[in-house]
Amino acid sequence: MAAEKKSLGKEFTKGIIKQNPVMRLVLGTCATLAVTTSLVNGFGMGISVTIVLVCSNIVISLLRKAIPNKIRIPAYIVVIASFVTLVQMVVKAYVPALDKSLGIFLPLIVVNCIILGRAEAFAGKNGVLVSALDGLGMGIGFTAACCAMGIIREFLGGGTFMTGLQSLLSVFGDGVLGGFDGIDFYKVFPFLEKLSLQPMTIMLLPSGGFFTFGVLMAVTNRLAERKGGKKAELNGCGSCPMAAICGADKAECESMKNAAAPAEKKEAAAE
Amino acid sequence: MKFYFALLLMGLLTQNFVLAKFLGICPFLGVSKKLDTSAGMSAAVVLVMVLATAVTWPINEFLLEKYDLAYLQTIVFILVIAALVQLIEIVMKKYLKPLYKALGIYLPLITTNCAVLGVVILNVDNGYNYPQSLVNSFAAGLGFGLAMIMFAGVRGRIEHNDIPKFLEGLPITLIAAALVSLSFLGFTGIIEGMGLM
């Protein structure tokens, strides 16, 4: 019993640091890069993904014996898409500002590789409780990564912290937390303007997103190495949720990653 | 005609799917190590994007919108794309052997590529009509290809250089992507400047 409890805890915590989906497994990069122009946006995206992830993990785990193996990926996609639609409706209705700033990336949670990846790698094989915890842990890890990116980009790019908080809290009514709507460092420290220190708008642009992610990745790599871990890498099949339906073409998938296999080998495998 | 040209320029340069919209980052980082693989992947993406738009636009217009089912868009689109990719694969395997050999291995990966679902949803959101949607998808696919092929060149250079150890691997790739994306900022305003919009 004690051992089981310990492993439950392990399944929960692994997603937060050790196997952080964004920083360690390099999954869901599109969403991470696109929406993290501010902390509030990143947090909103993280929460949406976490909800979808936990719900779909639970349902897929419940249905894992009912879903035939051959059509499991389409089945998973239907489950995930249903929950994404639900979340989309809720966000549209209650947090319209978030819906606006996430834009197309809200429906695109469907193809977020974290979710399909967890369904394929974990929920389709494990019990309900463990799967839910796994989803929750991975979701928190994703949220944390998004928040970290959001804080850095918002601070450097706009000189603010947590702006737009009220739009996220509008679900709970007006003026929650005393109407706190983030800090504008240019208002708190007026001398910044006198020094003609401008925020680096570039950090809010796409290129700043890539740059921040790269630097964060370098830092996490360094930390992981110090702990004796491995560098984060896009390891073709390992992180690709479609690896399984790539069929027997695993060798091809690998060769695509390395792009080193001779063409004849590819053809032989395709036959 | 002007508008179609504007769409083409937007997809290629100012609104590049990878470098400006962050769609399709996974294949951009994963498959761009070598020129021929990135070209193959891009060709497959262009093909699937255009075909997916060709199928989903009528479905949305004549089925979902007509019967007030627009909330089913996400589910319907992703399923249609998944089925379509399977179908393309089967047809290709049977009748277009050489093409299948060139593009086949990339097709399953495209199902969960957010660029494909993204372009389909964007077409609907922007209210493009049928030919406009098709051109927009084609342009988006070309833009994806341009970014992939350019970046394959950049990565080739990176691999033959001395890189600080802590930046080796993904970090330097991402920083290089940042610079490429920065260079694309130079195209901002080109469409307005040419009086196309």
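Q: How many cavities of 30 Å³ or more does the count come to here?
A: Start with the general idea: rolling a probe the size of a water molecule over the atoms shows where empty space is left. In this predicted model, the count comes to two cavities of 30 Å³ or more. A cavity is a set of points, on a 1 Å grid over the protein atoms alone, where a 1.4 Å probe fits but cannot get out. Grid points are joined across faces, edges and corners, and a volume is the space filled by probe spheres set on the points.

Q: Which residues line the second largest cavity?
A: That cavity holds about 40 Å³ of space. Its lining residues (those with an atom within 4 Å of a point) are T53(B), T56(B), W57(B), F77(B), V120(B), N123(B) and V124(B). Helix 3 (35-64) and helix 7 (114-125) of chain B are the elements that give two or more residues to this lining. Helices here are DSSP runs of H or I with at least four residues, strands are runs of E with at least two, and both are numbered from the N terminus. By class, the lining has four nonpolar residues, three polar and no charged. For these classes, Ala, Val, Leu, Ile, Met, Phe, Trp, Tyr, Cys and Pro are nonpolar, Asp, Glu, Lys and Arg are charged, and the others, Gly among them, are polar.

Q: What area is buried between chain A and chain B?
A: The size of an interface is often given as the accessible area lost when the parts come together. Here the buried area (accessible area lost, with a 1.4 Å probe, summed over both parts) is about 4,300 Å², and carbon and sulfur atoms give 78% of that. In this interface, 50 residues of chain A are in contact (heavy atoms within 4.5 Å) with 46 residues of chain B.

Q: Which helix of chain A gives the most to the side that touches chain B?
A: Helix 11 of chain A does, with 13 residues. The residues on this side of chain A divide into 33 nonpolar, eight polar and nine charged.

Q: Where is D68(B), and what is its phi?
A: D68(B) sits in the loop between helix 3 and helix 4 (73-95) of chain B. Its phi is positive, about 60°, although D68(B) is not a glycine.

Q: What conventions apply to the numbering and the values?
A: Residues are numbered from 1 along each chain as its sequence is written, while chains are lettered from A and ligands numbered from 1 in the order in which they are written. In this predicted model local features need pLDDT of at least 70, side-chain atom pairs count only at pLDDT 80 or more, and totals for chains, interfaces and linings use all residues, while side-chain values use heavy atoms, with hydrogens and water left out.

Definitions and conventions: Buried area is the accessible area (1.4 Å probe) that two parts lose on being put together, summed over both. On a 1 Å grid over the protein atoms alone, a cavity is a set of points where a 1.4 Å probe fits but cannot get out, and a pocket is an open set with protein on both sides within 12 Å along at least five of seven lines; lining residues have an atom within 4 Å of a point.
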